[in-house]
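Please look over the sequence and the structure before reading on. The questions that come after them are answered one at a time.

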Amino acid sequence: MIRFFEQYKAETDRFFDEVFSSNGNPRVHYDKLLHRFRQFSPEDIKARREIINIFFRNQGITFTVYGVDEGIERIFPFDLIPRILPADEWKTIERGLVQRITALNEFLFDIYHTQKILKDKVVPAELILGSKHFAREFVGVNPPLGVYIHITGSDIIRDRNGSYMVLEDNLRTPSGVSYMLQNRQAMKRAFPVVFEKYKVRPIENYPQELLRTLQEISPPSRREPNVVVLTPGIYNSAYFEHSFLARQMGVELTEGKDLVVNDNRVYTRTTRGLERVDVIYRRVDDSFLDPLVFRPDSKLGVAGLINAYRKGNVALANAIGTGVADDKVIYSFVPKIIRYYLGEDPILENVPTWLASNPSDLKYILENLGSLVVKSANESGGYGMLVGPESTLEEQEKFAEMIVANPRNYIAQPTISLSRHPSFHNDTDLYGCHIDLRPYVLFGKTITILPGGLTRVALKRGSLVVNSSQGGGSKDTWVIDE
Amino acid sequence: MLSRVAESLFWMSRYFERAENTARFLDVNFNLLLDLNKISLVENPNYWIALILVTSDRDSFNDLYNEYTARTVTDYLVFNRNNPNSIISCINLARENARSVIESISSEMWEQVNKLYHFLQSSAPQTVHTDPSGFYKEIKNASHLFQGITDNTFSRNEGWDFIQIGKYLERSDNVARLIDVKYHMLLPENRSREEVIEDSEDIIQWMAVLKSCSALEAFRKVYLSKIDPETILQFLILDRTFPRSINFSVCAAEDALWRISGSSRHRYVNNADLLIGKMEAELSYTSIDDILSKGLHNYLEELEERLMKIGEQVHLTYFAYHTPEIEPTEIEEALPFTGIGGGRAIWSQAQQQQQQ
């Protein structure tokens with residue numbers, strides 16, 4: 001029998017390890033888990049891995065990798081060892097997120113109305129007004145309940161000392177929540193015994209909570225709101241998630257061509273005629289939503305949708321123009337934004353960020369490309385970034401050119417050695433993989449955060465990039481009661 | 001149900017049926033050539049040109065190949081991705097349609113579409129040439145299995161009816177084409193009917209037509225060994241009990257259409273119901289002599305035309321649902337019917353969506 005954890009090297013001198021503290025002993029909340037896993041033989045692990053693979057394959061849980069002509073469907077890699085968050089740590093994360101999302105929502109309301117924060121010069125006006133995500137068409141429009149960001153998924157990491165920090169706010173169309181739900185199901189199926197030992201807080205009610213949030217923003221005159229999910233279609237990498245959420249909520253999954261606007265009202269085309277739509281959970285980018293307002297060549301949108309929205313006849317989640325607040329440049333202002341609107345200190349820290357648009361920062365960035373992580377302000381999914389310590393001189397030179405040509409589009413951060421968590425390698429031995437955490441926040445009449453979230457794992461040995469498009473995987477994430 | 005979902009179910013079913021029928025045509029043609037004991041003549045272009053005529057895209061075939069041989073025709077009808085009616089194209093489209101309604105079909109149905117898709121992706125043309133019947137049997141069985149799974153896992157709701165309409169409209173069209181082409185080959189104008197019946201080689205060919213519809217045994221039970229063109233036509237066009245005859249297929253499509261709209265005999269509510277009711281009634285009160293005196297080719301051509309009209313009306317009534325004051329849709333815009341609209345443009349835009 002192989003003692004998986006006995007052979008595991010935590011390297012706590014270099015990294016923060018989620019399971020083992022620096023003296024080499026396991027953290028208290030992992031005790032029972034380790035005890036269980038000690039009783040598993042490699043054959044047990046293999047058998048359970050097989051159960052999980054079949055589960056994922058049958059559910060069709062795949063994502064698409066871009067850059068290949070037709071797009072290849074792959075199973076999202078899943079690691080068998082769950083990540084455990086003790087109740088008190090989770091409480092801090094929860095409070096921090098409520099604070100952050102509340103402030104960001106006020107910020108969005110402000111810049112789409114009086115723009116007080118710009119007039120007070122807390123955030124430079126040109127950063128907002130010049131941002132490609134700023135929706136000029138949308139100034140002065142009141143979204144239902146004054147909420148812009150109904151569904152968000154901020155990325156949280158831990159640094160060398162184990163303090164939680166926000167790395168990114170995803171305020172447009174955060175994805176991955178279906179993996180969170182499926183991971184839990186897979187774990188329950190493969191390791192029922194391990195579950196019994198812990199009081200894991202449930203997340204299975206996410207689809208109901210999501211539906212409730214969407215119903216809450218429906219136009220008030222509509223008694224039984226008709227909610228639909230709007231997907232870009234089967235060629236989108238997250239199509240599985242869109243169909244999954246629609247099925248779980250029991251609502252229609254629609255594409256742009258299923259919807260039609262008449263007299264500023266939105267309808268689905270059905271075999272029995274038109275049916276009124278009240279709320280759209282849209283997974284289509286702003287610029288493709290309405291060919292009359294945004295990109296005229298969009299095949300994914302609905303002509304007239306934005307006008308119907310302005311009139312208050314249909315609600316969109318998330319609102320238009322939220323991308324202006326999750327831009328990586330604006331990110332560096334979030335602590336100031338929190339202080340400005342709430343008069344509080346941020347509970348969750350930011351990662352220090354240098355802005356290339358700022359001349360002194362630019363100089364620092366260019367001189368330290370080898371040690372920094374450089375990110376393009378508007379890209380997501382791990383595309384368009386340079387990880388300094390892993391890059392070649394050639395790549396650094398290429399990035400230097402791009403940064404100088406378009407400084408507004410780049411930021412840099414120190415290379416954080418993300419915390420590590422033991423993960424299986426070929427189901428035979430364990431090694432420490434870098435992880436992050438994406439909790440999902442719902443914002444309707446109140447803010448609801450599902451306990452846990454998606455823990456993404458950089459399964460490639462030594463890699464810091466956790467995105468699924470870059471070879472990342474995920475873990476089930478347990479928030480436990482005391 | 002959403003028009004798009006209904007449309008995708010319709011086309012998923014239709015493409016699956018088309019793939020199966022193409023496999024049947026090819027399978028029988030191989031068998032026929034063996035039956036005729038003309039192995040040396042397997043390359044006889046006359047036997048292969050007929051298959052291209054059934055799927056009626058002779059011009060696009062000629063753009064790609066110089067000659068009608070077992071190899072070129074098989075390649076074109078099974079593997080060619082530029083031929084929208086090749087088996088591989090049909091199964092790709094059936095799968096795309098299934099994928100776009102994955103939340104509406106059972107996971108078993110999805111798995112079955114997927115399985116056939118992967119089977120075709122991994123098949124090399126060589127395997128078809130070495131074991132044609134094994135290969136085509138695989139496809140036919142996959143289609144039967146898909147229908148059986150659908151039968152056992154899909155609720156009998158509107159979606160089910162659209163699946164049936166797709167299947168039976170496609171089947172009646174395919175059978176009509178098959179008869180038309182064979183009749184052309186077997187009954188040239190300059191030969192009398194007696195001559196044909198005498199000719200044993202032709203009898204074998206007519207048996208092949210029956211076989212390609214899996215109809216030989218069913219036919220024998222009704223007509224014993226009296227195999228002549230008239231009884232065969234009677235059976236394939238007018239029989240009301242055999243599930244691959246035109247009359248049966250039209251009745252089945254009619255039932256499904258009526259279930260959706262609530263129409264009944266003498267009371268139709270839309271044009272699709274009107275046209276299918278008319279066709280069914282005519283098939284029920286037509287004799288084979290009526291058909292022959294009209295001229296078989298004319299009759300079949302008209303039948304195909306009218307099946308197409310029914311398809312158009314189904315499209316306009318249920319799929320292209322539009323209120324004229326909102327967006328006057330021309331029927332040309334609504335065509336071509338493939339179920340998956342927009343093609344490449346949608347594909348590339350859908351990929352661009354940033355899922356954070």
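The questions and answers below concern a predicted model.

Q: How far does helix α3 of chain A reach from its first C-alpha to its last?
A: Helix α3 of chain A covers residues 87-111 and has 25 residues. At 1.5 Å a residue the expected reach is 36 Å, and the helix comes close to this, with a reach of 36 Å.

Q: Is α3(A) roughly parallel or roughly perpendicular to α13(A)?
A: The axes of α3(A) and helix α13 (residues 334-342) of chain A lie 9 Å apart, and the two helices pack at an angle of about 80°. Because angles of 65 to 115 degrees count as roughly perpendicular, α3(A) is placed, relative to α13(A), as roughly perpendicular.

Q: How many residues of the contact of α3(A) with α13(A) are nonpolar?
A: On the α3(A) side the contact includes A:Ala103, A:Leu104 and A:Phe107, and on the α13(A) side it includes A:Ile337 and A:Tyr341. A:Ala103, A:Leu104 and A:Phe107 are also among the buried residues of α3(A). By class, the contact holds two charged residues, two polar ones and, as nonpolar residues, eight.

Q: Which element gives the largest share of the side of domain 1 of chain B that touches domain 2 of chain B?
A: Chain B is divided into domain 1 (1-154) and domain 2 (155-322), and 26 residues of domain 1 of chain B are in contact with 25 residues of domain 2 of chain B. The elements that give two or more residues to the domain 1 side are α1 (3-35) and α2 (45-54) of chain B. The largest share, 18 residues, comes from α1(B).

Technical notes:
Residues numbered from 1 in each chain as written. Chains lettered and ligands numbered in written order. Predicted model: local features only at pLDDT ≥ 70, side-chain atom pairs only at ≥ 80, totals over all residues. Helix = DSSP H or I, 4+ residues; strand = E, 2+ residues; numbered from the N terminus. Expected span 1.5 Å × (residues − 1). Buried ≥ 20, exposed ≤ 12 C-beta atoms within 10 Å, placed from the backbone. Domains from an automatic or database assignment. Contact = placed C-beta atoms within 7 Å. Axes fitted to C-alpha atoms, helices over the stretch in contact; angles between N-to-C directions. Parallel < 35°, antiparallel > 145°, perpendicular 65-115°, else oblique. Nonpolar A, V, L, I, M, F, W, Y, C, P; charged D, E, K, R; others polar.
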